[in-house]
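Thanks for coming. I will talk through one model today, and here it is on the screen.

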Amino acid sequence: MEAVVFLFSLLDCCALIFLSVYFIITLSDLECDYINARSCCSKLNKWVIPELTGHTIVTVLMLASLHWFIFLLNLPVATWNIYRFIMVPSGNMGVFDPTEIHNRGQLKSHMKEAMIKLGFYLLCFFMYLYSMILALIND
């Protein structure tokens with residue numbers, strides 16, 4: 001059963017890595033003026049909820065399967081994703097808003113956040129892979 005938990009987490013982590021790379025590419029396209037702010041923000045906002053859901057499911061799954069270290073490692077990022085989603089000001093298009101993305105260095109902070117998440121998801125990927133192999137060997 002433990003191997004199934006880590007297999008699902010591994011597949012979910014692959015999807016989150018893909019989303020992080022997509023966020024980085026889309027934000028860098030905006031930075032280089034290949035796409036406009038409205039198009040960029042609508043593309044990114046479409047994937048905020050799937051990213052939030054995917055990461056929250058893995059975090060809850062680790063809590064349910066009593067993998068405390070991995071749960072505590074995932075909890076801050078899941079909490080940050082939920083906080084960021086809940087604290088969107090009314091009137092904004094979403095987490096990424098085209099009227100504010102060029103103000104106050106938000107583009108740079110969104111890019112930095114996407115890079116940090118990519119590094120975190122890569123770390124989790126190898127941790128889940130190691131844990132899955134260990135679970136398969138122990139079964």
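What separates tryptophan 80 and tyrosine 83 in helix H4? About one helical turn, since the two are 3 residues apart in that helix.

Before going on, some ground rules. This is a predicted model, where local features need pLDDT of at least 70 and side-chain atom pairs count only at pLDDT 80 or more, while totals for chains, interfaces and linings use all residues. Residues are numbered from 1 along each chain as its sequence is written, and side-chain values use heavy atoms, with hydrogens and water left out. Helices are DSSP runs of H or I with at least four residues, numbered from the N terminus.

Now the rings. There are 5 aromatic pairs in the structure. Rings of Phe, Tyr and Trp (its six-membered ring) pair if their centres lie within 6.5 Å; planes under 30 degrees apart are stacked, over 60 edge-to-face, and the rest tilted. One of the pairs is tryptophan 68 with phenylalanine 71: centres 6.4 Å apart and planes at 85°, so edge-to-face. Those two also sit 3 residues apart in helix H4, residues 68-86. For accessibility, buried means under 20% relative accessible area, exposed over 50%, and partly exposed in between, with a 1.4 Å probe and protein chains only. Tryptophan 68 is partly exposed at 47%, whereas phenylalanine 71 is buried at 12%. Back to tryptophan 80 and tyrosine 83: their ring centres are 5.8 Å apart with planes at 35°, so that pair is tilted. Tryptophan 80, at 41%, is partly exposed, and so is tyrosine 83, at 45%.

Next, the core. A nonpolar core is a set of buried Ala, Val, Leu, Ile, Met, Phe, Trp, Tyr and Cys residues joined through side-chain atoms within 4.5 Å. The largest one has 36 residues, and Met62, Phe96, Ile101 and Tyr128 touch the most other members. Helices H1 (2-31), H2 (37-45), H3 (48-64), H4 and H5 each supply at least two of its residues.

Which residues does histidine 110 contact, leaving aside neighbours within four places in sequence? With contact meaning heavy atoms within 4.5 Å, they are Leu27, Arg84, Val95, Phe96 and Ile101. Histidine 110 lies in helix H5, residues 106-138, and is buried at 10%.

Last, H3. Its buried residues include Glu51, His55 and Met62, and the cover over its buried residues includes H1, H2, H4 and H5. Just after H3, leucine 66 takes a positive phi of about 60°.
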